[in-house]
Amino acid sequence: MLVVLCLSWLSQQVRAEEIKSPNRNLTLNFSLQAGGVPTYSLTYKGRPVIKPSHLGLELKNGQALTNGFAVTSSKTRAFDETWTPVWGETKTIRNHYNELTITLTQAATKRVMLVHFRVFDDGLGFRYDFPKQPELAYFVVKEERTQFALAGDHKAFWLPGDYDTQEYSTTTSKLSEVRGLMKTAVTPNASQTTFSPTGVQTPLMLKSQDGLYINLHEAALIDYSTMSLDLDDKNMVLESHLTPDAQGNKGYLQTPCLSPWRTIIVSDRAGDILESKLVLNLNEPTKYKDVSWIKPTKYVGVWWEMITGKSTWSYTNATNIKLDSTDYSKLKPNGTHGANTAHVKEYIDFAAQHHLDAVLVEGWNTGWEDWFGQSKDYVFDFVTPYPDFDVQELHRYAASKGVKIIMHHETSGSVRNYERHLDTAYKFMADNGYSAVKSGYVGNILPRGEHHYGQWLNNHYLYTITEAAKYKIMVNAHEAVRPTGLARTYPNLIGNEAARGTEYESFGGNNADHTTILPFTRLIGGPMDYTPGIFQTKISAYNPQNTSFVHSTLARQLALYVTMYSPLQMAADLPETYNKHLDAFQFIEDVAVDWDDSKVLEAEPGDYITIARKAKGKPNWFVGSTCDEQGRTSTINLGFLDPGKKYVATVYADAKDAHYEKNPQAYAIRKVSVTSKTKLTQYCAPGGGYAISLVPSAGK
């Protein structure tokens, strides 16, 4: 009887399919478990990364696509190419993987589902593929049931799972501690919807007790809901949890269609996680034939003074504004409006003097008096300036100085209103010389009940990017969905916020280890408009009623231009403050925003990161290092420099008595001659860091 049962069980199995990475360090196994349940597992150098984990989707109507399958075919292929990004951390990117495609047929329904696995040297990507078929044309997703069964109670760097915000501080704990820490991890936000006492967001960074670094995320998020992860903290199994719409459904699909890739980056070296291009490689090449108008940008802006409370977005102190009937010329100005013509010209002058590309201006357009929290549909029209903002004169003045102005479109979450005005707003930008826009989605979404990370909103974000491209406009979206590498396909998506940025230093502060974690989490999917460069770390210097402070030394603010990669970098502080520290500001003026090469010199998530980058088309290198509240001594090898060449290293460092709380503005600048054989040792204060520019010496 036992033999018969065993044979019956075996009859439900198929041979295990196995595929390895090109360097053979990673092994992906696929099999069907009893009942026709598709299952995969992953090992790294023989060590378990993902134990056998289930695959599939649960549908709103009809049998779930999670079991009852048979393998009807499998095929493998190898792929190796090198491509050139429009902008990026390296001049070229190698896309090298081995692929296994499994075709599954569900006997009871005759439905077909493919699973594509791509194994790279640095990790795994896999996705679902639903071909066009009579038995599956239109379907509604109730939930995706992709599992990541972990091999232990790993150390995790996590954010609470939420359908509407990523603007939380990272909590560092064991996975088994997530449930107990969740309540304190969920801090107030303008719009938030948590879903589980053990739900966490991606990218999720993990470290095993035996020293494996594991990162879980997704790539190519198109026409699909954003994935979070729900933790079974008894068995250490993470399962996908998609963002619902207003009716609770997770997605509306029509065959043929594809899911996003589910990504697992893994290494025994932390720096490999930061250097991975796996998420980018899982996205399609650019859709644009002409990319000459897409340019990495360094900018200043009328922004930080409003964030700190020094000035206001609004022109008046009036309330109950209706755009179609309010006559601003008859309202009394409040005297604190930041985006006025004369003041913006001061920013333009500063940008021109210091060879910066652009000036961001927020609060230039009517409607800011009651923009937030009123659930207003017609909240902005994106083309009408306040009486003290002269669009034509500023266009002329900026052009005469060789400076661009960056447009600002805050939607207040009223997405329908934004789409209604979008084409007119983009045409207005093109007519007035604006080549980039910072968009915002603060607050609850209109239509009511939709979430920031649902399928409907994800489609909206992509729509704005593709429409902007028609007018040769670059997009920097704030409060939008976290990036999944789509900037490869749509490179005018030049920046995103999608995390707790520098603005929170004025709202109580970010943890001192914040910037030692974000490159391992948020930046895995794409660059962040973190807005560094704050030199005046006491917010009360601008607004006596605001007692917040920036949890960083001044020297570390310089380092962030290297460690927090972005082709769109803001010098976020006020010109009046920079003018007091022009010796330190020189690094911001010099540092590149586009790169030919990048190397992680040392890294440990939550503790420290040191990165070296080579400027695009130039021989100059820049180094940035950031550390947590403990401080440390950093020792780096300059072996990345050209052999036989001498360089002048200008080191911008914490002074001996610097401290992010007690003495943040204490810095020292020194010059030293170095070569590729030089090893540098540099002190990093608590919450501090350093920045280095390396320029070849003149002459032989």
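Reply: Happy to. Let's begin with the second largest cavity, which is lined by 17 residues. Leu-159, Gln-166, Leu-518, Thr-521 and Arg-522 are the ones nearest its centre. Bear in mind that this is a predicted model.

Me: What volume does the second largest cavity have?
Reply: The second largest cavity comes to about 160 Å³.

Me: And how do the residues of its lining divide by class?
Reply: The lining of the second largest cavity has eight nonpolar, six polar and three charged residues.

Me: How many cavities of 30 Å³ or more are there?
Reply: The count is five. The largest cavity holds about 190 Å³ of space.

Me: Which residues lie nearest the centre of the largest cavity?
Reply: Tyr-461, Ile-465, Val-481, Leu-486 and Leu-493 do, out of a lining of 17 residues. Helix α9 gives the most, with five.

Me: You mentioned α9. How does it pack with α8?
Reply: Helix α8 spans residues 415-431 and helix α9 spans residues 455-470. They pack at an angle of about 5°, and their axes are 11 Å apart. With that angle, α8 is roughly parallel to α9, because angles under 35 degrees count as roughly parallel.

Me: Which residues meet in that contact?
Reply: From α8 you have Val-415, Tyr-418, Glu-419, Leu-422 and Tyr-426. On the α9 side, they meet Trp-456, Leu-457, His-460, Tyr-463, Thr-464, Glu-467 and Ala-468. By class, the contact of α8 with α9 divides into eight nonpolar, two polar and two charged residues.

Me: Switching topic, what about the open pockets? How much space lies in the largest pocket?
Reply: About 920 Å³ of space lies in the largest pocket. Its lining has 44 residues, and Ile-93, Glu-275, Ser-276, Lys-277 and Leu-280 lie nearest the centre.

Me: Which elements supply at least two residues of that lining?
Reply: These are β7 (93-106), α3 (270-275), α4 (278-281), β29 (595-604) and β30 (608-615). The largest share comes from α4, which supplies four residues.

Me: And how do the lining residues of the largest pocket divide by class?
Reply: There are 22 nonpolar, 13 polar and nine charged residues in the lining of the largest pocket.

Me: β29 and β30 are strands, so where do they sit in their sheet?
Reply: They belong to an open sheet of six strands, in the order β29-β30-β31-β36-β33-β34, with antiparallel pairing. Strands β29 and β34 (667-674) are at the edges; each has a single partner strand, so one side of each has no neighbour in the sheet. On average, neighbouring strands of this sheet are turned by 15° against each other, direction ignored.

Me: How many bridges join β33 to β36?
Reply: Seven bridges join them, with β33 (residues 647-654) running antiparallel to β36 (residues 689-696). As one example, Val-648 has Val-695 in β36 as its bridge partner.

Me: Last one: which strands does helix α11 lie across?
Reply: Helix α11 (residues 554-563) lies across β29, β30, β31 (621-627), β33, β34 and β36. The helix runs at about 120° to β31.

Notes
Residues are numbered from 1 along each chain as its sequence is written. This is a predicted model: local features need pLDDT of at least 70, side-chain atom pairs count only at pLDDT 80 or more; totals for chains, interfaces and linings use all residues. Side-chain values use heavy atoms; hydrogens and water are left out. On a 1 Å grid over the protein atoms alone, a cavity is a set of points where a 1.4 Å probe fits but cannot get out, and a pocket is an open set with protein on both sides within 12 Å along at least five of seven lines; lining residues have an atom within 4 Å of a point. Grid points are joined across faces, edges and corners, and a volume is the space filled by probe spheres set on the points. Ala, Val, Leu, Ile, Met, Phe, Trp, Tyr, Cys and Pro count as nonpolar, Asp, Glu, Lys and Arg as charged, and the others, Gly among them, as polar. Axes are lines fitted to C-alpha atoms, for helices over the stretch in contact, and angles run from 0 to 180 degrees between N-to-C directions. Angles under 35 degrees count as roughly parallel, over 145 as roughly antiparallel, 65 to 115 as roughly perpendicular and the rest as oblique. Contact means heavy atoms within 4.5 Å. Two strands pair if DSSP finds at least two bridges between them.
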